[in-house]
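Subject: Structure handover

Hello,

Here is the structure I said I would pass on. My notes on what was found in it follow below.

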2 protein chains.
Amino acid sequence: MNKRLILVTNDDGVASRGMEAAIEVARTYGRTVVVAPETMQSGMSQAITMYNPLFLRQVRKEEGLEMYSFSGTPVDCVKMAFDYLLRDEKVDLVISGINHGSNSAVNVLYSGTMGAAIEGSFYGCPSVGLSLDDHSAEADFEASIEWGKRIIGDVLARNERLPLCLNVNVPVGRPEEIRGMRLCRQNRGFWREEFFRHEDPRGREYFWLTGAFVNSEPEAEDTDEWALSHGYVSVVPVQVDMTDYEQLKHMKNVLHE
Amino acid sequence: MNKRLILVTNDDGVASRGMEAAIEVARTYGRTVVVAPETMQSGMSQAITMYNPLFLRQVRKEEGLEMYSFSGTPVDCVKMAFDYLLRDEKVDLVISGINHGSNSAVNVLYSGTMGAAIEGSFYGCPSVGLSLDDHSAEADFEASIEWGKRIIGDVLARNERLPLCLNVNVPVGRPEEIRGMRLCRQNRGFWREEFFRHEDPRGREYFWLTGAFVNSEPEAEDTDEWALSHGYVSVVPVQVDMTDYEQLKHMKNVLHE
């Protein structure tokens with residue numbers, strides 16, 4: 001019997017379809033504990049809840065699976081699991097997802113899915129963020145389940161003890177349409193917003209974020225954005241040292257110490 | 001007359017004391033436009049508001065200063081400024097802060113202050129996150145104002161056109177007690193949470209995050225955490241490529257393509 005312990009979370013909320021897909025991936029490899037946000041937490045990044053109490057609720061329990069909803073952010077869920085619920089156990093892997101919508105390029109920074117995966121790696125645990133490049137309610141998760149199982153099997157099989165965080169994005173398509181997998185670096189690109197502007201029923205002006213991604217290096221074949229838009233599963237290993245070492249060298253000429 | 005345009009935001013909210021301190025820094029260098037969260041947004045990281053309408057309100061207008069409160073996150077505020085309010089102007093600098101509490105080490109990832117500064121750099125604008133290592137309501141901002149002015153003066157004076165994002169943290173103390181400034185890398189360390197657990201008036205169990213920072217390299221003198229705890233202002237240049245290039249080299253041995 002497989003004794004591994006897999007923690008699953010996401011940012012679309014405990015009741016999302018992508019959560020069921022992630023559970024299917026996780027249960028292939030071990031006992032599964034889900035701690036996921038009660039409500040939709042897309043775009044919540046690495047946010048934590050500092051100034052509000054949080055509520056935990058068990059929503060399902062069966063052989064090999066326990067599910068909890070938590071009223072905080074994706075990162076709060078990971079902290080709740082490691083520092084409270086599972087504090088006396090060894091978690092072998094964190095799966096965050098499967099997200100409705102891709103988290104390639106700079107989205108790694110905005111994404112609650114990747115926020116949770118990164119948080120898992122802070123606990124020294126291999127962590128995989130899984131996202132499907134399809135926002136629709138009828139998204140077909142089959143290819144992402146298949147590739148998720150394959151990549152996670154490889155991660156669990158390796159012998160190294162290095163913490164590892166992977167940002168995995170799967171293109172839209174049936175499993176047989178996926179061209180393969182590519183190891184990538186994070187694409188450089190950014191979002192520009194068009195604020196949707198309207199008036200509410202009481203005449204108050206409101207704004208709604210609605211952006212467009214600008215790929216500043218569409219020709220670069222080693223990026224996740226390229227892989228995804230060419231039909232490949234993209235895999236980017238993620239680390240959290242945000243120091244700009246290149247600038248650091250030059251800063252002595254800029255700042256007066 | 002100084003024609004520079006400075007955008008100011010923060011995560012403690014438009015009415016915080018640190019905002020007044022940031023305005024004092026900004027006005028030294030140019031016309032100042034504030035777009036800051038209506039409410040406290042500490043720990044909001046790079047979060048964006050995708051599924052709610054946002055409201056903008058002008059709260060102050062005088063010679064050289066316009067202030068707006070916005071009902072979103074710190075990053076939403078920066079987007080509102082660049083993509084709507086100031087879309088026809090050239091912003092010369094973003095100041096985010098002055099935060100009540102330090103944002104050294106991995107806090108760069110959780111911090112709404114740094115989320116906003118990073119967002120500013122996505123618009124190709126030099127951006128400085130300023131934080132004071134003091135959470136108290138009576139915090140003395142004088143040293144952080146003085147060092148903020150000095151560092152920002154240097155940033156504005158440089159000729160390079162490289163985008164630049166700085167994470168500046170100022171220790172507690174009177175200006176004359178600060179030992180100087182150090183250019184640093186981001187400290188490796190992480191938070192471990194102790195969930196404060198209690199019952200609400202109706203007997204529902206609730207949890208409250210209350211963590212402790214674990215400095216995994218207290219002896220490393222080149223980190224921001226070391227500088228700050230030894231009485232120095234820490235300055236870390238920040239970039240957003242989170243690719244783990246070291247792991248990328250080894251991933252071919254882990255994953256089966």
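Which residue stands opposite Val8(A) in strand 5 of chain A? Ile95(A) does.

First, the conventions. The model is predicted, so local features need pLDDT of at least 70 and side-chain atom pairs count only at pLDDT 80 or more, while totals for chains, interfaces and linings use all residues. Residues are numbered from 1 along each chain as its sequence is written, and chains are lettered from A and ligands numbered from 1 in the order in which they are written.

Chain A

Chain A has seven helices and 13 strands; these are DSSP runs numbered from the N terminus, helices being H or I of at least four residues and strands E of at least two. Nine strands of chain A form an open, mixed sheet in the order 3-4-2-1-5-6-7-13-8. At its edges are strand 3 (56–62) and strand 8 (181–183) of chain A, each of which pairs on one side only. Strands count as paired if DSSP finds at least two bridges between them. From one strand to the next the twist averages 20°. Within this sheet, strand 1 (residues 5–9) and strand 5 (residues 93–100) of chain A are parallel and share four bridges.

As for overall dimensions, the C-alpha trace of chain A spans about 55 × 55 × 50 Å along its principal axes.

Of the 257 residues in chain A, 52% are buried. Buried means 20 or more other C-beta atoms within 10 Å of a residue's own, exposed means 12 or fewer, and partly exposed is in between, with C-beta atoms placed from the backbone. Helix 2 (residues 74–85) of chain A is mostly covered, with nine of its 12 residues buried; among them are Asp76(A), Lys79(A) and Phe82(A). Arg150(A), in helix 5 (residues 142–157) of chain A, is partly exposed because 15 other C-beta atoms lie within 10 Å.

Chain B

The open sheet of chain B also consists of nine strands, in the order 3-4-2-1-5-6-7-13-8 with mixed pairing. Strand 3 (56–62) and strand 8 (180–183) of chain B have a single partner strand each, so one side of each is left without a neighbour in the sheet.

How the chains meet

A rotation of 180° with 0.0 Å of shift along its axis superposes chain A on chain B, at an RMSD of 0.0 Å. This is the relation of a two-fold axis.

The contact takes 63 residues from chain A and 63 residues from chain B, where residues are in contact if their C-beta atoms, placed from the backbone, lie within 7 Å. On the side of chain A that touches chain B, 38 residues are nonpolar, 12 polar and 13 charged. Here Ala, Val, Leu, Ile, Met, Phe, Trp, Tyr, Cys and Pro count as nonpolar, Asp, Glu, Lys and Arg as charged, and the others, Gly among them, as polar. The copies meet through the same surface, because 100% of the interface residues of chain A are also interface residues in chain B.

Regards

Terms used: Two residues are in contact if their C-beta atoms, placed from the backbone, lie within 7 Å. Axes are lines fitted to C-alpha atoms, for helices over the stretch in contact, and angles run from 0 to 180 degrees between N-to-C directions. Copies are superposed by least squares on the C-alpha atoms of residues with pLDDT of at least 70 in both.
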